[in-house]
Amino acid sequence: MNHTYSRRSFVHTSVMAGAAFAAQPLFAAGVPHFSRVLGARKPALSLSKGGEAATLPPKPGFPVADYHVHLSPQLSVEQAVNLGKERQVQIGIVEHPGPDYKIQTDADLKQYIDGLRKYPVRIGLQPVYPGWSKSFSKSLLDELDYVLMDALTLPRPEGGWLAIWQIDTMVDDEEAFMTRYMQFIEQVLATEPIDIFAWPTFLPVPIARQYSQIWTRQRVDRIIDLAKARKIAIEINEVAHVPDENFLALAKRASLKFTFGTDARNQNAAHFYYCFQMAQKCRLTEADMFAPKRK
Ligand SMILES: [Zn+2]
């Protein structure tokens, strides 16, 4: 399975799902994920104090970065750099390592890092499978500016993987699913050598509308505690609209750091709506943001 193309089709289908569900009032309230995907493209008009129409949340008053950009046939590194310049956003590139992907050996990783070093980008990796780091030497991994990982590809007890971001993911038993999902989140946050936790609190389509009931204070606190223990930053994800404002407020109170990520492989890189909105609502400052140093 090609992760790159599948994720891109996810974004496409999620917009379709947003359109389909928009007519259903049940889906409209309090769902950080699909319901607002369309909204992100066409923000509703609101009136400022002066009475003029304000359509976009303001760009934060601190340096902004998109640390979740994938290169693709639609987005070369030069194009990504230009988009970053145009939108005044620092670009961070990630690539998947592992068996199904281009980066499998030290030689592949070295080529990837050396190839990007001449550009003004941060260089990251987005591993998918736990244990990925054993395939690479520590000294080479240390040359990366950062590692970002999500917990959306769950190991199946019978072997293989369940990619819960796929639109056709089934959830038969919500409690059983959440127990398994929390176990995997705990594994990723407690054992994987990562700097940023991506797509935090994302829920698969069948249970997405129960977001606020499912993400109980206990579950949220568990994620925050684990991230804090290993100084892992929280990605505010532009495409999935996660995590929600409540999670972010609690994470901020726990002094966690944040990043913005589009997970884009095209012109959407460095284009933010949800991230800016959350930065405004949670009053994020430069001190709240994680900024990996260029090595
Ligand atoms: Zn990604």
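**Close-up views of a predicted model**

**View 1. Helix α7 against helix α9.** Met 182, Ile 185, Glu 186, Leu 189 and Ala 190 in α7 meet Arg 219, Arg 222, Ile 223, Leu 226 and Ala 227 in α9. Sorted by type, the residues of this contact come out as seven nonpolar, no polar and three charged. Contact here means C-beta atoms, placed from the backbone, within 7 Å; nonpolar covers Ala, Val, Leu, Ile, Met, Phe, Trp, Tyr, Cys and Pro, charged covers Asp, Glu, Lys and Arg, and polar takes the others, Gly among them. Before going on, note that this is a predicted model: local features need pLDDT of at least 70, side-chain atom pairs count only at pLDDT 80 or more, and totals for chains, interfaces and linings use all residues. Residues are numbered from 1 along each chain as its sequence is written.

**View 2. How α7 and α9 cross.** The axes of α7 and α9 (residues 217-229) come within 9 Å and cross at roughly 15 degrees; axes are lines fitted to C-alpha atoms, for helices over the stretch in contact, with angles running from 0 to 180 degrees between N-to-C directions. That makes α7 and α9 roughly parallel to each other (angles under 35 degrees). Helices are DSSP runs (H or I, at least four residues) and strands likewise (E, at least two), numbered from the N terminus.

**View 3. The largest nonpolar core.** This core has 62 residues, and those with the most contacts inside it are Ile 91, Leu 148, Ile 196, Phe 197 and Ala 227. Helix α7 (residues 174-191) supplies the largest share, five residues. A nonpolar core is a set of buried Ala, Val, Leu, Ile, Met, Phe, Trp, Tyr and Cys residues joined through C-beta atoms within 7 Å. Buried means 20 or more other C-beta atoms within 10 Å of a residue's own, with C-beta atoms placed from the backbone. Leaving out residues up to four places away in sequence, Phe 197 touches Met 149, Leu 189, Ala 227, Ile 232, Ile 234 and Glu 235.

**View 4. Tyr 67 in strand β3.** Tyr 67 lies in β3 (residues 64-69) and is buried, with 28 other C-beta atoms within 10 Å. Skipping residues up to four places away in sequence, Tyr 67 touches Gly 92, Arg 122, Gly 124, Tyr 146, Leu 148, Ile 196, Thr 259 and Gly 261.

**View 5. Helix α11 and what follows.** In α11 (residues 274-281), the buried residues are Tyr 274, Cys 275, Gln 277, Met 278 and Ala 279. Just after α11, Arg 283 takes a positive phi of about 50 degrees.

Terms used. A residue is buried if 20 or more other C-beta atoms lie within 10 Å of its own, exposed if 12 or fewer, and partly exposed in between; C-beta atoms are placed from the backbone. Two residues are in contact if their C-beta atoms, placed from the backbone, lie within 7 Å. Angles under 35 degrees count as roughly parallel, over 145 as roughly antiparallel, 65 to 115 as roughly perpendicular and the rest as oblique.
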